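Welcome, and please open the model in your viewer. We will go from stop to stop, selecting residues as we go.

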Amino acid sequence: MRSRLRDSNDGAAAVEFALLAPLFVMLLMSFIAAGIYLSTAYSIQQIAADAARTAVAGMSAQERSQLATGFVDSTALRYPFITKRHLVISAADDPGDPNQFTVSLSYDASELPIWNLYSFALPDSHIQRHATIRIGGL
């Protein structure tokens, strides 16, 4: 009887599934979380670049800042996973180079759905991106 139980393979697939399924689910959730985070980070970068392009039309630093801020206020809601109340903009002349204008965005991503997923490694919940333009052409 013992040799018959020892040589039996009944239930081996269930044991293998029980060992590997949690790892597979965690890996799948990590891929989903990474995709959502990267999509959000790319959207923040795109908003910063578009705001900088909009600001180039301004004649003074104040006007450029108003144009960039107005652009972010009017378009940030068209991106998935981005809420305007978590987005902070800083638009000003570059202190290191007076011929450049920098738009910096800071986004608190703590309300993204990825923090509810059980995944291996999660990035920082604070996304910062910036874009710089040259003032006055070449």
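Is Arg-64 buried or exposed? Select it and see: Arg-64 is buried, with a relative accessible area of 6%. Here buried means under 20% relative accessible area, exposed over 50%, and partly exposed in between (1.4 Å probe, protein chains only).

Before moving on, a word on what you are viewing. This is a predicted model, in which local features need pLDDT of at least 70 and side-chain atom pairs count only at pLDDT 80 or more, while totals for chains, interfaces and linings use all residues. Residues are numbered from 1 along each chain as its sequence is written, and side-chain values use heavy atoms, with hydrogens and water left out.

**Stop 1: the whole chain**

Switch to a cartoon view. The protein chain has three helices and three strands, in the order α-α-α-β-β-β from the N terminus. Helices (H or I, at least four residues) and strands (E, at least two) are DSSP runs, numbered from the N terminus. Of the 138 residues, 30% are buried. Accessible areas come from the Shrake-Rupley method with a 1.4 Å probe; for residues, only the protein chains shown count as cover.

**Stop 2: around Arg-64**

Return to Arg-64, which lies in helix 3. Leaving aside neighbours within four places in sequence, Arg-64 is in contact (heavy atoms within 4.5 Å) with Ala-55, Gly-58, Met-59, Asp-93, Phe-101 and Ile-135. Asp-93 is partly exposed, at 32% relative accessible area. A salt bridge here is a side-chain nitrogen of Lys or Arg within 4 Å of a carboxyl oxygen of Asp or Glu.

**Stop 3: the other salt bridges**

A search of the whole structure finds three salt bridges. Select Asp-50 and Arg-53, whose side chains meet at 3.1 Å, N to O. Both lie in helix 2, three residues apart, about one turn of the helix. Asp-50 is buried, with a relative accessible area of 19%.

Next, select Glu-111 and Arg-85, where the closest N and O atoms are 3.0 Å apart. Glu-111 sits in the loop between strand 2 and strand 3 and Arg-85 in the loop between helix 3 and strand 1, so the pair ties together parts 26 residues apart in sequence. Both Glu-111 and Arg-85 are exposed.

**Stop 4: the nonpolar core**

Which residues touch the most other members of the largest nonpolar core? Select Ile-44, Val-72, Val-103, Leu-105, Tyr-107 and Ile-127, out of 27 core residues. Such a core is a set of buried Ala, Val, Leu, Ile, Met, Phe, Trp, Tyr and Cys residues joined through side-chain atoms within 4.5 Å. Helix 2 gives the largest share of this core, eleven residues. Zoom in on Leu-105: beyond its neighbours within four places in sequence, its contacts include Ile-44, Val-72, Leu-87 and Ile-127.

**Stop 5: a patch outside**

Finally, select Val-15, Leu-19, Leu-20 and Leu-23, a nonpolar surface patch with about 410 Å² of accessible area together. Patches are made of residues with over 30% relative accessible area and no salt bridge: like charges are joined within 9 Å, nonpolar side chains (Val, Leu, Ile, Met, Phe, Trp, Tyr) within 5 Å. Leu-19 lies in helix 2 and is exposed, with a relative accessible area of 59%.
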